[in-house]
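Here are my notes on the model, point by point. Have the structure open while you read.

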Amino acid sequence: MNESAEVIAGIFIFLGTLISLFSSIGLIRLPDVYTRSHAASKSSTVGVLSILIGTLLYFVISEGYFSIRLILGIFFVFLTAPVAAHVICRSAYRANVPLTETSAEDELKDYFAANEQAELKNEL
């Protein structure tokens, strides 16, 4: 039974390591802050969660030890990484960091232009 626990945990940890590797390659290769945020938040979150779940499964199945610290780590990584990436992208957009030339559409451009016009009308 210990061997199967080690194999299952090893698979999760190996997959998490591969996903984190792809995430780091995406951070280097992608052209702008908006596309890099996907690599930084989504894939690295899944990679870290997979590693933590593999570690948790190993200790639960093999050792019979349930770690609340691992559960809290999973919970906080799952919550904070996507929110942080969203806030970084939002602040980059508001600071007028340009999108890459290959971007197909800027959906926020019209929204912010309409809000600026509404604010100007309210000031008058």
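1. Let me start with Y65, which counts as exposed because its relative accessibility is 52%; the cut-offs are buried under 20% relative accessible area, exposed over 50% and partly exposed in between, with a 1.4 Å probe and protein chains only. Keep in mind that this is a predicted model, with local features needing pLDDT of at least 70 and side-chain atom pairs counted only at pLDDT 80 or more, while totals for chains, interfaces and linings use all residues. Residues are numbered from 1 along each chain as its sequence is written, and side-chain values use heavy atoms, leaving out hydrogens and water.

2. What does Y65 pair with? A search of the whole structure turns up 4 aromatic pairs. Y58 and F59 make an edge-to-face one, 5.5 Å centre to centre with 70° between the planes. F59 also pairs edge-to-face with Y65, at 6.4 Å centre to centre and 85° between the planes. For the record, rings of Phe, Tyr and Trp (its six-membered ring) pair if their centres lie within 6.5 Å; planes under 30 degrees apart are stacked, over 60 edge-to-face, and the rest tilted.

3. After α2 comes G64, with a positive phi near 75°.

4. Which residues of α2 are buried? Y34, S37, A39, S41, T45, G47, L49, S50, L52, G54, L56 and S62 are. Their cover includes α1 (2-29) and α3 (68-94).

5. T55 also sits in α2, but is partly exposed, with a relative accessible area of 22%. Leaving aside neighbours within four places in sequence, T55 is in contact (heavy atoms within 4.5 Å) with I13 and L70. T55 and L99 are 44 residues apart in sequence and 39 Å apart in space, C-alpha to C-alpha.

6. Now α1. Its 28 residues should span 40 Å at 1.5 Å a residue, and the end C-alpha atoms are 40 Å apart, which agrees. A5, A9, G16, S23 and G26 are its buried residues, and what covers them includes α2.

7. S23, in α1, is worth a look. S23 counts as buried because its relative accessibility is 4%. The side chains of S23 and S43 are joined by a polar contact of 3.3 Å (a pair of N or O atoms within 3.5 Å; within protein, one must be able to donate a hydrogen and the other to accept it, and residues adjacent in sequence count only if both atoms are side-chain atoms). Neighbours within four places in sequence aside, S23 is in contact with A39, A40, S43 and S44.

8. Finally, confidence. The protein chain has a mean pLDDT (the predictor's confidence in each residue, from 0 to 100) of 85, and 98% of its residues reach 70 or more. Confidence is highest in α1, at 90, and lowest in helix α4 (residues 107-123), at a mean of 75.

Definitions and conventions. Helices (H or I, at least four residues) and strands (E, at least two) are DSSP runs, numbered from the N terminus. The expected span of a helix is 1.5 Å times one less than its number of residues.
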